[in-house]
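This report follows a few packing features of a protein chain and then turns to the confidence of the model. Please keep the sequence and the structure in view while reading.

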Amino acid sequence: MMQLKNFLLLLLLLPFFLFPRPVHAGDLAIGLEDGWIWQVAVLPPPDGWESERGKSSLGAVRYAEWKVKDSADGVAGRDIRFLKEPPLSRDTAEERVARWRENGVAAVLSLGGSEDISLLRPLLGRSGPVFLSAYGEGSDIGEGGVPLPMMFALDLYRDFRIAAFAEYARRSLDRGTGVAILGDRFDPSLERFARNLGDMLSSSGYSVSHFWLPGAGPDSFRMIESEAMSEGASVLVSWAGSMVVRDVWRAVRRKEGAFRIWYGGEPRQLLLSFNGIIAADQNVPLGRDRAFVTLGREIWGRTRTVVKDESAAGRAYAACGWIFEGFRRAGSKDPVPLAKAMESVSGIALGSSTFSVNPATHRPVARETAILEVENRAFRPVDFFQVTDPGYLP
């Protein structure tokens with residue numbers, strides 16, 4: 001009989017041990033007043049909290065929160081409370097920032113895209129709270145090539161493709177091979193990307209030719225195509241848009257001695273009809289990382305959240321780790337010491353790999369990159385390697 005009672009008692013207590021007790025409003029108020037809880041506001045993905053990406057990311061955030069709460073020392077002796085926020089809009093951004101500051105929010109974690117960065121960069125960039133995007137490839141987090149003090153991002157900036165193509169050329173092309181680079185003088189970023197890649201390839205022994213488009217793009221690329229082919233180019237790297245790449249591909253695909261095309265932008269569905277086009281991507285390696293599968297199981301075991309977007313959960317969990325390490329190093333939730341600490345952290349887990357932060361960019365020093373080739377209406381990975389920030393600031 002005594003054994004039965006003990007068994008029933010264990011069943012009653014099991015949920016208490018398996019799941020953390022939620023922080024109630026009264027507990028949170030006391031914790032904030034006493035200084036043993038630091039707050040981080042969390043912004044949702046573009047498709048909302050109820051999407052697969054939203055649920056998976058929030059599950060990772062709650063799991064990270066629980067691990068701090070369950071540890072003996074917490075983070076710098078404190079618990080971290082993540083505040084699930086509604087989407088940001090242009091009309092509400094200033095009001096939200098004022099509320100965060102009034103309520104002592106130490107950092108803002110964005111699980112969304114470029115819009116959060118563009119809205120919050122002018123409001124948070126110099127005075128905080130500290131802002132970290134779990135994405136951020138296509139967004140400038142600085143001004144004049146220098147990141148703003150309070151702005152950080154988990155992705156390499158889109159100019160990582162300069163270094164990716166330079167490395168892929170080294171792996172796949174013989175020295176002396178002709179490479180044509182197509183840029184746009186009316187777009188300062190695209191002109192810079194073209195010139196920087198040309199400098200890197202030339203210094204590595206490749207024969208580089210530059211070609212330039214006007215801002216609107218010409219009606220015909222026949223002259224550029226013919227000249228590149230006559231100069232013996234084996235590859236044309238295009239920093240122009242995907243529509244330009246499409247037109248060039250159609251013009252040269254049946255010609256004898258035609259060059260291959262490497263596209264300098266983000267892989268897009270529009271390109272899936274054009275076999276042979278090469279692109280570089282920093283998202284694909286995350287999708288094949290089995291460590292995120294394990295993370296998903298751990299999240300389910302603790303929060304009962306089904307993780308269907310494993311790479312989104314992995315990004316969110318890594319971003320939490322970055323913020324935690326910043327708190328530990330700073331020993332403070334104040335924006336200036338926290339930002340200074342976050343710009344030099346190292347050893348942050350991102351799936352099965354780790355990364356360190358480059359103080360000059362406020363992004364990881366390096367990330368794994370995939371080289372993709374379009375084949376049968378799919379981007380097929382043909383190579384993987386680490387890409388270090390090319391050293392040219394956004």
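In this predicted model, helix H4, which spans residues 93-102, has Ala 93, Arg 96, Val 97 and Trp 100 among its buried residues. Seen down the axis of H4, the buried residues fall within an arc of 100°, and therefore they line one face of the helix. On the other side of H4, Glu 94, Glu 95 and Glu 102 are exposed. What do the buried residues of H4 pack against? Their partners are strand E1 (37-43), strand E3 (107-110) and helix H5 (114-124). Just after H4 comes Gly 104, which takes a positive phi of about 75°.

| H3 | Arg 53, Ser 56, Ser 57, Ala 60, Val 61, Tyr 63, Ala 64, Lys 67, Val 68 |
| H12 | Ala 312, Ala 313, Ala 316, Tyr 317, Cys 320, Phe 324 |

Sorted by class, the contact of H3 with H12 has 11 nonpolar residues, together with two polar and two charged ones.

As for confidence, the mean pLDDT of the protein is 88, and 87% of its residues reach 70 or more. Over residues 7-26, however, pLDDT stays under 50, and for this stretch the model has 14 contacts beyond four places in sequence.

How values were computed:
Residues numbered from 1 in each chain as written. Predicted model: local features only at pLDDT ≥ 70, side-chain atom pairs only at ≥ 80, totals over all residues. Heavy atoms only, no water. pLDDT = per-residue confidence, 0-100. Contact = heavy atoms within 4.5 Å. Buried < 20%, exposed > 50% of the residue type's maximum accessible area, 1.4 Å probe, protein only. Helix = DSSP H or I, 4+ residues; strand = E, 2+ residues; numbered from the N terminus. Arc of directions from axis to C-beta. Nonpolar A, V, L, I, M, F, W, Y, C, P; charged D, E, K, R; others polar.
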